[in-house]
Amino acid sequence: MIQLRLGRRLEALRDHLHAFAADELRPRARAADLTGRVEPEVIARLGALAGERSEVLSEAAEPGEDGARADGMVAVVAAEELAWGDAAMILNIPGPGLAGPSIAGSGTPEQKERFLDRVFDGTAPRFGALAVTEAQAGSDVSNVQTTALLDGDGWVLSGTKVFCTNGARADVLVVNATLDVAAGRSGQKLFVVLKGTPGMRVGKIERKLGLTASETAELVFDGCRLPFDHLVGGEAALAAPSGFKGTMRAFDASRPGVAAMALGIGRAAFEYAAAWSATEIPAHSRRRPLVEARLGAVERELAAARVLCRRAAWMADHRIANSKEASMAKAYAPRVALAACVSAIEIMGPEGSSREHLVEKWFRDIKVYDIFEGTGQIQRVIIGRHILGRLE
Amino acid sequence: MDLTPTDEQAALVEELHRIAERQIRPSARACEEAGAVSEPIHRALLELGVGVPVPEEFGGQGLLDAVTGVLVAEELAWGDPGIAYGVLSSGAAAAVIELVGTEAQKAELLPGLAAGTAAGALAMAERDAGLDIFRLETTTGRLDGTSRLSGMKYSVAGGASAEVLLVVAEGPTVWRVARDEAEVLAEDNLGLRSAATARVRLRGTPAIDQIGADQTRGTSGRDPAVVRALLGAKLLGAGIAVGLARAAVEYAAAYARERTAFGKPIGAFQGVSFMIAERAIDVDAARLLVWEAAAALDAGSEDAVRLAMAAGGQAVSAAVRASDDAVQVLGGHGYMRDHPVELWYRDAMTLATLEAPWLVGDLFLAGAHRAAEPSGADPSPGGAGA
């Protein structure tokens with residue numbers, strides 16, 4: 001039977017996370033934005049609540065009547081609520097991050113045990129990260145120039161990665177590098193680099209428009225030596241056609257959650273402007289009907305973004321291929337969330353542009369959601385190919 | 001119709017572009033960090049006669065007409081919108097004094113402004129009215145034989161340091177207020193941070209005098225000269241928005257030509273080139289509307305009010321969209337402070353709060369299409385000309 005209710009367990013999760021977001025994240029959002037830092041004790045609590053070993057999230061994902069675990073749904077519900085609290089702070093949640101799906105999806109059982117289970121054992125806040133982007137290779141991942149050369153019984157990594165979220169603090173870093181630059185995608189493999197490996201150093205930490213409390217690092221590999229078994233998937237990966245698909249799978253899995261974060265930011269701006277206008281724009285004002293109509297349009301678009309995110313997650317939970325649907329959510333949610341932020345600032349006028357309110361911060365934070373983990377343009381290419389096929 | 005600038009205008013624009021390119025753009029970050037326009041830039045523009053255009057008899061190099069004013073604004077904002085907003089506001093205050101002030105006021109105030117020994121500021125924008133000069137809610141009243149002002153002004157460039165602080169109140173009317181008598185609160189904003197903007201709060205604040213009025217004349221009636229002067233000031237903001245939008249489109253286009261992905265310059269993909277094309281259309285449409293409004297103002301046409309409202313809204317829309325898409329074209333690089341597009345993205349939104357297209361400009365234009373209301377409802381002016 002078609003119905004789009006969350007159900008009792010997910011609703012309870014949403015309410016629980018919302019309370020945390022409202023009480024613990026939102027009040028610290030401005031300070032985190034100005035200092036670019038999140039206090040370690042808040043990071044620890046975020047980790048306990050929403051990290052990999054979170055019991056709250058795990059229980060909410062228990063199989064329901066249809067027998068499927070709801071991990072995808074939990075991810076989008078949590079992403080929306082927590083990003084509503086503060087999007088930058090939740091990028092500091094300890095855990096394997098995008099290194100997780102890369103290793104879990106393509107690694108050997110021994111690698112999963114060594115690089116995920118043993119490192120992320122819950123004894124201390126630890127971080128994973130995925131280093132893909134290079135200065136000249138963003139959306140075009142096939143253009144990656146970082147090389148991995150087999151030298152004796154190990155690899156030598158050389159190249160520079162940029163825009164890596166949590167890259168400097170990562171305990172476990174997954175890096176895509178090419179065995180043969182001329183081979184394009186098919187030459188790319190994934191490698192695990194552990195923190196402190198000689199030959200790897202942290203370059204600059206970026207100064208950004210928004211998400212200032214999230215670390216974005218440049219990583220330089222200069223003759224960085226790795227044991228042979230740091231090749232994700234082991235020896236078998238050499239025979240496999242490409243590690244490129246492993247990289248793409250990591251992004252596929254994360255897209256609905258990233259879209260839901262954008263939705264959370266947009267909803268924050270919408271609710272803030274609605275509450276502000278209720279007291280600041282009197283009922284008899286000529287502006288009132290325009291403001292109400294705009295708020296209504298924003299609310300509608302956010303509602304549409306929400307069901308697109310949840311559909312993609314539901315499909316993933318039911319093992320239905322969702323590449324097109326994940327891209328639809330990722331293409332749509334950041335755009336309407338940005339429109340929500342713009343509308344909120346316009347409604348509030350000069351006060352909306354002031355740092356005494358958070359809407360200007362949300363306007364800065366939201367912009368990157370249409371860029372990272374596949375730009376809106378790349379999402380459209382993916383959607384178009386699914387609908388039209390490859391036409392060349 | 002003629003879209004050719006005069007030889008003088010063309011020469012001025014060329015000179016300003018050189019300054020914008022060599023001096024203003026390279027200083028943008030430093031000025032933003034400092035929260036002020038640097039002294040060398042102030043000096044250069046003052047010497048050129050565009051910072052504070054004042055007639056020669058008062059020590060300046062001549063007042064600029066509205067069309068020249070918007071050409072100047074666009075070129076300076078191409079260099080940096082925050083710097084342009086900061087520099088032009090002192091000049092806007094001088095222009096208002098020149099256009100509507102009494103001879104005594106001109107003689108007292110203009111020489112200092114022209115020499116740069118006294119800075120001027122024009123407090124115009126309000127929270128709800130934005131730059132709709134007919135809906136301003138700052139009130140005037142008389143108490144103990146003194147005219148007093150009450151209201152709140154936003155984004156007043158140089159408000160905290162102005163020796164000549166002009167406040168636009170209901171009417172519209174323009175008043176001079178002693179800075180120490182008003183509460184001047186420095187703003188901490190998303191954008192236009194180089195302009196050192198401030199809020200000016202007036203609570204029964206005594207005015208020194210009313211610009212353009214002998215003390216006997218009072219505040220009644222809408223003075224066409226005041227409206228013209230204020231529209232000229234408002235159009236400078238629209239010109240800044242056009243310059244910002246053009247800078248963003250040009251920067252994105254240059255990047256799209258150089259940056260390659262999937263074996264081609266990204267500009268070869270329609271997903272990118274269409275974005276740039278759409279924004280280029282926005283820029284041209286906005287600039288033409290701004291020129292039309294400025295020319296109507298110079299010609300003394302009644303249409304100037306309506307056109308200025310349309311131009312302001314169109315220009316900030318173009319700026320917001322162009323800077324958004326410029327960040328998008330640069331991708332992750334655009335989100336970093338290494339490129340100016342993130343700065344323009346913030347500046348455009350701050351500028352948009354003053355001209356909020358659908359809440360200020362469109363609302364004004366819509367007034368002309370309103371059905372007659374029963375008497376007693378909202379008597380304030382709608383879309384009628386000045």
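Visitor: Among contacts in chain A between residues at least 6 apart in sequence, what percentage join residues at least 24 apart?

Guide: This is a predicted model, and in chain A 75% of the contacts between residues at least 6 apart in sequence join residues at least 24 apart.

Visitor: What makes the radius of gyration of chain A agree with that of a compact globule?

Guide: A compact globule of 392 residues would have a radius of gyration near 21 Å, and chain A has 21 Å, which is why the two agree. The C-alpha atoms of chain A fill a box of roughly 80 × 50 × 50 Å along the principal axes, and 56% of the 392 residues count as buried.

Visitor: Why is the pair A:Glu356 and B:Arg199 called a salt bridge?

Guide: The closest N and O atoms of A:Glu356 and B:Arg199 are 2.4 Å apart, and the cut-off for a side-chain nitrogen of Arg and a carboxyl oxygen of Glu is 4 Å, so the pair qualifies as a salt bridge. Between chain A and chain B the count is eight salt bridges, alongside 25 residue pairs in polar contact, both residues being at pLDDT 80 or more.

Visitor: Which element gives the largest share of the side of chain A that touches chain B?

Guide: That share, eight residues, comes from H11(A), and the residues of this side divide into 19 nonpolar, 12 polar and 20 charged.

Visitor: How is the size of such an interface expressed?

Guide: The accessible area lost when the parts come together is often given. Between chain A and chain B about 4300 Å² is buried, with carbon and sulfur atoms giving 57%, and in chain A the residues A:Arg286, A:Arg287 and A:Pro350 lose the most area to chain B, together 19% of what that side buries.

Definitions and conventions
Residues numbered from 1 in each chain as written. Chains lettered and ligands numbered in written order. Predicted model: local features only at pLDDT ≥ 70, side-chain atom pairs only at ≥ 80, totals over all residues. Heavy atoms only, no water. Buried area = accessible area lost by both parts, 1.4 Å probe. Polar contact = N/O pair within 3.5 Å; in protein donor to acceptor, adjacent residues only side chain to side chain. Helix = DSSP H or I, 4+ residues; strand = E, 2+ residues; numbered from the N terminus. Nonpolar A, V, L, I, M, F, W, Y, C, P; charged D, E, K, R; others polar. Rg over C-alpha atoms; globule rule 2.2 N^0.38 Å. Buried < 20%, exposed > 50% of the residue type's maximum accessible area, 1.4 Å probe, protein only. Contact = heavy atoms within 4.5 Å.
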